[in-house]
Amino acid sequence: MTSNGKPKVAFFDFACCEGCQLTVVDSLQTHLDLLEAVEIVQFREAISDRGEDYQIAFIEGSCTRQADEERLRKIRAQASVVVALGACAHTACVNALKNLHPLEDVRRWVYGDQAEWYDTYEARPISAVIEVDAIIPGCPIDREEFIRVVKALLLGKKPPLPDYPVCVECKLKENVCMFHIGKFCMGPVTRAGCGAICPTYGDGCEGCRGFIPAPNENAMKDVLADAGLTVEAIMARFTMFNTYLVSARKADGEERR
Amino acid sequence: MTTSIYTPEMARLVKVETLTALEKLFTIELPGGRSLGHSPGQFVMLSLLGIGEAPISITSSPSRSNGIFELCVRRVGDVTNALHNMQPGDMVGIRGPFGRGFPIEKMRGKDVLFAPGGLGLAPLRSLINQVLDERGSFGRVIILYGARRPQELLFRNELEEWIARPDVECLVTVDRGDETWTGNVGVITTLFPKITINPRNTVAVTCGPPIMYRFVLMEMLSKGIPETQIYLSLERRMKCGVGKCGHCQINHLYCCQDGPVFTYTQIKNVEEAL
Amino acid sequence: MKLMILDKSALAPMVNALRADYRVVGPQARGPQFAFDVITDPAQLRLDYNTTILPPKKVLQPQYERLLSFNRREYQVTPIIEATPTVLVGVHTCDLHAFLLLDQAFSREYPDAHYLERRRQTVIISLECLEPCDEYSFCRSMGTLTSDTGYDLHLTDLGTAYAVHVATETGRQILSRYATVREATEADVRQLNEVLSAKWPRFTYRLDFDAAELPALLGAAYDHPLWEELGERCLACGSCTNVCPTCYCFNVFDEVDMQLVAGERWRCWDSCQLDEFARVAGGENFRKARSARQRHRFMRKGKYLYEKFGELGCVGCGRCIRACVAKISILEGFNAIHQSA
Ligand SMILES: Cc1cc2nc3c(=O)[nH]c(=O)nc-3n(C[C@H](O)[C@H](O)[C@H](O)COP(=O)(O)OP(=O)(O)OC[C@H]3O[C@@H](n4cnc5c(N)ncnc54)[C@H](O)[C@@H]3O)c2cc1C
Ligand code: SF4
Ligand code: SF4
Ligand code: SF4
Ligand code: SF4
Ligand code: SF4
Ligand code: FES
């Protein structure tokens with residue numbers, strides 16, 4: 001705590017587009033009282049100072065190289081609460097798509113001739129490296145959810161993370177189901193919390209918030225196949241944001257009824 | 001209309017005692033020292049503003065209420081953690097008492113066998129103390145209590161009193177002992193062979209984690225206690241306490257209204273109960 | 001009570017007149033489907049709708065609702081009863097039957113002032129279905145294709161006018177204050193009877209047995225292989241219960257302001273199909289398998305609610321079938337159980 005009793009907060013970024021931090025900047029502008037509740041000591045997107053005595057660390061981005069691990073462990077050692085901010089930190093997001101290709105190819109596509117310089121390895125969520133206390137999923141994050149998590153942390157509550165799928169929020173909003181108008185949707189297996197924003201605006205959910213804890217993957221595949229998707233197209237939907245999760249679940253053989 | 005079944009009444013914490021590393025005992029006073037008017041086995045919805053609500057059994061006996069009641073609470077999540085951080089003088093919200101408790105009138109004149117496991121002693125303590133306060137109206141009083149480790153035994157002072165009383169047969173066991181423990185070691189079912197009872201005249205009561213009460217019920221039945229004389233208190237997720245939210249359903253039964261206390265007869269064919 | 005005639009051209013003026021004193025809620029287009037919503041312009045009212053995505057239950061039990069407000073510093077709690085005088089137009093009879101069940105659920109034992117006050121302030125103008133809403137409904141089998149109770153006014157489409165059955169004093173006053181109507185003539189009554197008798201053959205019995213047998217059938221089907229099969233296909237998405245007019249389960253949560261001082265306690269619809277519904281703090285989940293959760297839904301609709309309230313928990317509206325992306329059908333389920341019994 002600072003002398004004024006406010007918890008000190010720091011933001012860190014790893015491999016990502018930094019879109020989530022921009023959403024945070026946005027939230028700070030619409031929720032000015034947030035700045036009265038916490039003190040931000042490190043935030044590359046917004047301030048130039050760097051304090052190292054933070055209690056709450058928000059980490060954005062995936063771990064994509066050996067060197068990231070060291071940095072993550074240092075943050076973990078300092079912070080009493082570590083929050084994975086956004087899909088890249090939470091699920092490795094689209095970064096993990098490269099896991100599907102041999103690493104050498106990826107280096108060449110991305111870095112061209114300078115490939116040898118970079119010690120990139122399979123992208124992983126930060127929870128694969130350090131213990132994570134809370135998650136704010138999404139690509140990008142939902143600003144209301146960010147505020148809810150901050151409030152929960154300040155209250156000493158476990159930060160809320162819905163275990164139910166996007167369909168719940170979608171139905172409560174009384175949206176027309178995407179499957180009824182010939183579109184495809186990953187809502188039934190995707191973790192809610194975004195307010196079903198994509199179906200609300202007429203697009204199928206792409207699963208950016210990761211899967212619910214016990215997704216019925218087989219049934220979801222059947223539904224998509226029934227709706228007319230090819231096997232390849234189904235796999236593409238499953239892996240777009242969730243390559244790391246899908247591989248991890250396969251490795252665990254985790255298929256619950 | 002300005003009243004609602006969901007509005008808690010604010011009540012004052014007057015005492016907080018640490019029982020174990022996980023459990024504390026909270027003494028609560030309603031406004032004006034009004035009595036809660038509960039019967040043993042009932043619960044309240046405990047409300048911490050901004051945090052949430054949790055169903056908690058009333059652990060004090062109505063016979064000792066004096067304008068206060070007690071809750072014995074294990075810290076496991078949001079509400080219970082926040083409660084553990086509170087001090088005497090702080091206020092909590094109370095709704096209730098709710099649910100069906102133990103039918104003490106059906107127990108009068110009978111021998112009573114209590115077999116709580118772990119935190120299951122909390123609801124049973126209310127009944128035990130009421131029985132002890134009307135000791136003359138009951139036959140034998142037998143208490144078999146099991147906890148995982150000696151440090152996890154609740155209400156140790158009272159346990160010692162019960163053990164010391166000549167008119168109470170109280171046996172205590174722990175799953176795993178330690179260097180200070182000289183008593184019984186073993187799960188609670190290992191205490192049953194140590195007692196002989198007159199099953200027809202015995203009423204048996206249990207509460208505890210599912211894995212424990214499944215075995216305890218088997219012991220009680222094998223002792224020959226009639227199914228209608230075996231009572232257990234069940235725990236389910238609860239969001240309203242008044243038969244509306246649906247969370248506590250056990251097949252067609254509502255734990256919050258039809259229970260939390262059930263006879264074995266009531267639930268033996270209810271698939272989701274056991 | 002009386003039968004009146006409301007010319008269709010008199011409907012828009014009536015809605016406008018009502019809007020001065022009431023919130024008027026009725027079916028409107030939502031994309032290619034329909035939804036009950038507040039009418040701000042009589043042209044929005046689509047009494048020719050087939051069915052809505054969510055049932056009109058949401059008017060009596062909103063998806064999200066405040067129960068109380070609090071101040072954590074002053075330990076102050078104030079109940080919030082959110083009710084507005086409302087005229088709910090265009091409720092089909094299946095949904096009316098569902099209201100009767102909700103009325104019982106919220107008034108028995110511990111009356112729920114939040115629901116009951118909204119119910120008290122809601123005037124119901126229902127509407128007779130003359131054609132099946134779509135291929136999913138089975139209201140005739142469930143005995144909900146008509147109703148003689150549960151409404152203030154009941155409309156039947158006679159082509160250029162509505163026959164209005166006036167069932168309550170409130171209904172009578174609504175007509176006399178806000179509408180231009182005339183008393184039905186003998187010819188009107190004859191036409192109404194013709195329309196009503198013509199409608200029944202359009203609806204088929206889709207349950208292979210008498211709905212009254214449902215509780216007993218389900219009672220014997222606890223270990224039926226159907227549950228496992230449904231568990232394999234079900235996504236546990238909760239849509240089937242969220243669209244059901246007789247589901248009323250809810251969750252409760254608190255919201256606080258940034259200063260952590262003032263806040264509100266909310267309730268929102270919840271679903272027994274969701275993984276966490278019966279999970280407790282220690283991690284034990286009392287209905288962990290999807291098959292057990294599907295069974296619970298079927299049992300509640302066909303048996304448990306009947307045992308509690310004397311009414312079946314399914315009114316045959318077909319919404320759950322329509323909403324299920326996995327194409328799980330409670331109608332087919334009931335029939336499958338009957339077939340193997
Ligand atoms: C009839 C009854 C009597 C009980 N008596 C006691 C008692 O005397 N002492 C005690 O320590 N505990 C008791 N419990 C358990 C206690 O209710 C839970 O430990 C408590 O709800 C956890 O809430 P939380 O917010 O701390 O935990 P969280 O994990 O944060 O819980 C989240 C939410 O889940 C629900 N929930 C979680 N676990 C349970 C549960 N076991 N039962 C019901 N709802 C749950 C609650 O609604 C809670 O708000 C009793 C439960 C029941 C049903
Ligand atoms: S649109 Fe998607 S999220 Fe919404 S109900 Fe349909 S499948 Fe579920
Ligand atoms: S609807 Fe799906 S893709 Fe869209 S924001 Fe929500 S989780 Fe992400
Ligand atoms: S709507 Fe279908 S898939 Fe979703 S929970 Fe209900 S039965 Fe299962
Ligand atoms: S169970 Fe299905 S068909 Fe029956 S009332 Fe509910 S939504 Fe309608
Ligand atoms: S289920 Fe029957 S009563 Fe209900 S809307 Fe459809 S046709 Fe009308
Ligand atoms: S706790 Fe809500 S119905 Fe029992």
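This note comments, point by point, on a predicted model with chains A, B and C and its ligands.

1. Basis of the model. The model is predicted, so that local features need pLDDT of at least 70 and side-chain atom pairs count only at pLDDT 80 or more, whereas totals for chains, interfaces and linings use all residues. Residues are numbered from 1 along each chain as its sequence is written, chains are lettered from A and ligands numbered from 1 in the order in which they are written, and side-chain values use heavy atoms, with hydrogens and water left out.

2. Chain C as a whole. Chain C contains 13 helices and twelve strands, where helices (H or I, at least four residues) and strands (E, at least two) are DSSP runs numbered from the N terminus. Its radius of gyration is 22 Å, which agrees with the value near 20 Å that a compact globule of 341 residues would have; the radius is taken over C-alpha atoms, and the globule rule is 2.2 Å times the number of residues to the power 0.38. The C-alpha trace of chain C spans about 65 × 60 × 40 Å along its principal axes. Of its 341 residues, 61% count as buried, buried meaning under 20% relative accessible area, exposed over 50%, and partly exposed in between (1.4 Å probe, protein chains only).

3. Contacts and surface of chains C and A. Where two residues of chain C at least 6 apart in sequence are in contact (heavy atoms within 4.5 Å), 73% of such contacts join residues at least 24 apart; for chain A the corresponding figure is 72%. Chain C exposes about 13200 Å², with carbon and sulfur atoms supplying 50% of it, while chain A has about 11500 Å² of accessible surface, of which 52% belongs to carbon and sulfur atoms. These areas come from the Shrake-Rupley method with a 1.4 Å probe, and for residues only the protein chains shown count as cover. Chain A has eleven helices and seven strands, and 54% of its 257 residues count as buried.

4. A buried leucine in chain A. L224(A) is placed in helix 9 (residues 217-226) of chain A and counts as buried because its relative accessibility is 0%. Beyond its neighbours within four places in sequence, L224(A) is in contact with several residues, among them F179(A), F184(A), M186(A) and F238(A).

5. The site of ligand 1. Ligand 1 lies between chains A, B and C, and 24 residues surround it, the closest being P55(B), T80(B), E235(B), R236(B) and A281(C); a residue is near a molecule if one of its heavy atoms lies within 4 Å of it. Backbone N or O atoms of chain B lie 3.1 Å from an oxygen atom of the ligand at E53(B), 2.7 Å at R74(B) and 2.9 Å at V79(B). Taken alone, ligand 1 exposes 830 Å², of which the protein buries 91%. Strand 4 (52-57), strand 5 (68-74) and helix 1 (78-84) of chain B each give two or more residues to the shell, and strand 4 gives the most, with five residues.

6. Ligands 4 and 5 in chain C. The shell around ligand 4 includes C234(C), C237(C), C240(C) and C324(C), and both helix 10 (239-242) and helix 11 (290-309) of chain C supply at least two of its residues. Around ligand 5 the residues include C244(C), C314(C), C317(C) and C320(C), together with K301(C).

7. Backbone geometry to check. Most residues other than glycine have a negative phi, and most peptide bonds are trans. As for phi, N66(B) has a positive value near 50° and lies in the loop between strand 4 and strand 5 of chain B, where it counts as exposed at 76% relative accessibility. L260(C) has a positive phi near 65° and is placed in the loop between strand 11 (250-256) and strand 12 (262-269) of chain C, but L260(C) is buried, with a relative accessible area of 17%.

Note on methods: Polar contact = N/O pair within 3.5 Å; in protein donor to acceptor, adjacent residues only side chain to side chain.
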